[in-house]
Structure formats: structure tokens, C-alpha cells
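Work through the exercises below with the sequence and the 3D view side by side. Try each task before reading its solution.

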Amino acid sequence: MEHRRGRSRWVLVFSSLATMALLGGAPRALGGQANQAKESNEAQAPWPALQQAYFAGRRLEPAPFIHLTAPARAASGEQVPFAFSIDHPMTADRFIKSVTVLVDANPVPLTAVFHFTPDSGKAAISTRIRFESDSPIHVVAEASDGKLYVNSIAVKASGGCGGTTTGDDPAALAAAGTMKLALDGPFQRGALHHARLLIRHPMYTGLQRNLHTNGFRPAFFINKIEVSYGGKPVLTADTSIGISENPALAFSFIAAQAGALQVVIHDNEGATFRQSIDVGS
């Protein structure tokens, strides 16, 4: 494990302030009561501002082939199952190269950006995410030709990003970075394989108050996950505080031949952890 650096909360504070600034802009003047009501609703909706912030000047095509799975109502905003699966070719000449996941109403809406390669075999992820309040999830896929596609789904859930805690759990901190990696099903040369990754990590958001001190617990979260097979990248995920505690990740990859499936994770304190399994040997 690499040496830990000091915790960097300013990134989250900056992101939150930037988001609030985006959402606080003055509405345009429109004539007529109907137009004023429409503009008021648009000003309250985060998505137009988020689209401008992350995809300014670019056209997003509605895409029913981006399949999204999430509960309409979740028991807790801390652990909400979420998955996407995209019906799109994954060839060397035409593939989905990235997928951006935004939970519109979260203090930090950008939950994760997943980067794929043709060796991913399928642009699909299953995980668990956080919701601070009821919100749509917007998923934007960028293809290798530069086209952007979008789909969304709404979830009712709350309390996943802030709230109070009783203090640091020494056992959870000591176990941070521990991983379990497993393959679903037997090895088949050249076939699409599915893997599951479980990571022990508290994923502190930086927005939670310590119940004893009433101060904010510093942010402590995984910010990058790198997956390779046979030395070739198949998935990279840039993650943020919107990923739930003890992250779970299911993903796909093509196994052209026997090799090692390796995962490297990094957190915002500068720690690095590795895990690998031999496939097909």
C-alpha cells in the first residue's frame, strides 16, 4: 500500500459550490404567465445546468438502448442498487468508450465515469450508489465516433450523502482497500466473461457530521478503479462520493486466452491496493 497523503476535502467543497452556482443562475425573461411558469420549473431542475456544465455545446441523443435498472423507491439513500447495460457494438472500430453517471440532486452529482475498451466486450456495470434526496439519474454514453447518447431513470431515496455518524470505525479504516474478486461461470476462450468485485471501504463523503464533535468527517473515498486482463485495460472507473460504502462492482470482459484479471484501486488519501485472479489456468 502506498503512503497515505492528507485528506483533500477542498475538491468536494469546490464541486458542491460549483454545482450550487450553476443551479443558482437567474432565469431568462419570458413573456406570458405560461412561459414564466415553465421557466421557473426549468430553473429548479438541475439537469439543464448539469448538461451545460459537463457537455456544453454538444448534442445528446435520447437512447432507449441504454438500459437502466434501479428501484422506483429505495429503503435507504445510502445503498441503492443501480445498473446500466448498453446495446451497442464493442468492436475496434465502433464502441462505447465512456459512460458518465450523474445523480442530479446530489450535492456532488457526478457519481462516476466508466471508461471502456473493445476488450470490455459490453458497456455494462452493476453497482450501488447514494442519494441525498429524490432524484433522476442521467446516464450519458460517449461512442468512439464522438456521439453522445442519454437516458434517465428516477429514484425516490434520501439521506445517503450527509447525516450524522458516531465517529471513525477503526476496524473499517484498517480494512479499507481489502478486495474480493471472482469470475461468474467457467472460463471459455474468446467468450464474454462476467466478474464481481467487492471492496471494503467506508467511502466517507465529507458531508457527514460527527455526532460527538458536530464537525464534518473528512472525505475518504475511492477515486479510481483500474481493471486489466492479460495486461490490457478493460475498464477504468473514476469514482466519487456517490458510490456507496463498501463498493460492489459487476463488469464484463473478453478473455481471448488464459490470463490474469487484475484490479488496482486508488483512494483520495494516496493509497493504492491490488488484487488479481488467474483465469483459465
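## Overview

The protein has four helices and 17 strands. The model is a predicted one.

**Exercise 1.** State how many of the residues count as buried, as a percentage, and describe the exposed surface.

*Solution.* 
Step 1. The protein has 281 residues, and 44% of them count as buried.

**Exercise 2.** Classify the ring pair formed by Phe65 and Tyr149, and locate both residues.

*Solution.* 
Step 1. The structure contains seven aromatic pairs.
Step 2. In the pair of Phe65 and Tyr149, the ring centres are 5.1 Å apart and the planes meet at 70°. Planes over 60 degrees apart count as edge-to-face, so this pair is edge-to-face.
Step 3. Phe65 belongs to the loop between strand S1 (60-62) and strand S2 (66-69), while Tyr149 belongs to strand S8 (residues 148-155). The pair therefore ties together parts that are 84 residues apart in sequence.
Step 4. Compare the accessibilities with the cut-off: buried means under 20% relative accessible area. Phe65 has 24% and counts as partly exposed, whereas Tyr149 has 9% and is buried.

**Exercise 3.** Which charged residues sit over the rings of Phe216 and Tyr204?

*Solution.* 
Step 1. Over the ring of Phe216 sits the charged end of Arg209, 4.1 Å from the ring centre.
Step 2. Over the face of Tyr204 lies Arg217, at 3.7 Å from the ring centre.

## Cores

**Exercise 4.** Find the residues with the most contacts inside the largest nonpolar core, then follow Phe116.

*Solution.* 
Step 1. The largest nonpolar core has 57 residues. Those with the most contacts inside this core are Phe84, Phe114, Phe116, Ile225, Phe251 and Leu261.
Step 2. Phe82, Phe84, Phe114 and Phe116 form one aromatic cluster.
Step 3. Leave aside the neighbours of Phe116 within four places in sequence. Its contacts then include Phe84, Met90, Phe95, Ile125, Val234 and Leu235. Lys97 and Lys122 are also among them.
Step 4. A second, separate core has eight residues, including Leu50, Phe55, Val140 and Val150.
Step 5. For background, nonpolar side chains in soluble globular proteins tend to be buried together.

**Exercise 5.** Which residues of helix H3 are buried, and what follows the helix?

*Solution.* 
Step 1. Helix H3 covers residues 46-55, and its residues Pro46, Trp47, Ala49, Leu50 and Phe55 are buried.
Step 2. After H3 comes Gly57, with a positive phi near 75°.

**Exercise 6.** Is Thr239 buried or exposed, and which backbone oxygen does its side chain reach?

*Solution.* 
Step 1. Thr239 is found in strand S14 (residues 232-239).
Step 2. The relative accessibility of Thr239 is 10%, so Thr239 counts as buried.
Step 3. The side chain of Thr239 reaches the backbone oxygen of Ile222 at 2.6 Å.
Step 4. Leaving aside neighbours within four places in sequence, the contacts of Thr239 include Thr111, Ala112, Phe221, Ile222 and Ile225.

How values were computed: Residues numbered from 1 in each chain as written. Predicted model: local features only at pLDDT ≥ 70, side-chain atom pairs only at ≥ 80, totals over all residues. Heavy atoms only, no water. Phe/Tyr/Trp six-rings, centres within 6.5 Å; stacked < 30°, edge-to-face > 60°. Helix = DSSP H or I, 4+ residues; strand = E, 2+ residues; numbered from the N terminus. Buried < 20%, exposed > 50% of the residue type's maximum accessible area, 1.4 Å probe, protein only. Lys NZ or Arg CZ within 6 Å of the ring centre and 35° of its normal. Areas by Shrake-Rupley, 256 points an atom, 1.4 Å probe, with all protein chains shown as cover. Core = buried A, V, L, I, M, F, W, Y, C linked by side-chain atoms within 4.5 Å. Contact = heavy atoms within 4.5 Å. Polar contact = N/O pair within 3.5 Å; in protein donor to acceptor, adjacent residues only side chain to side chain.
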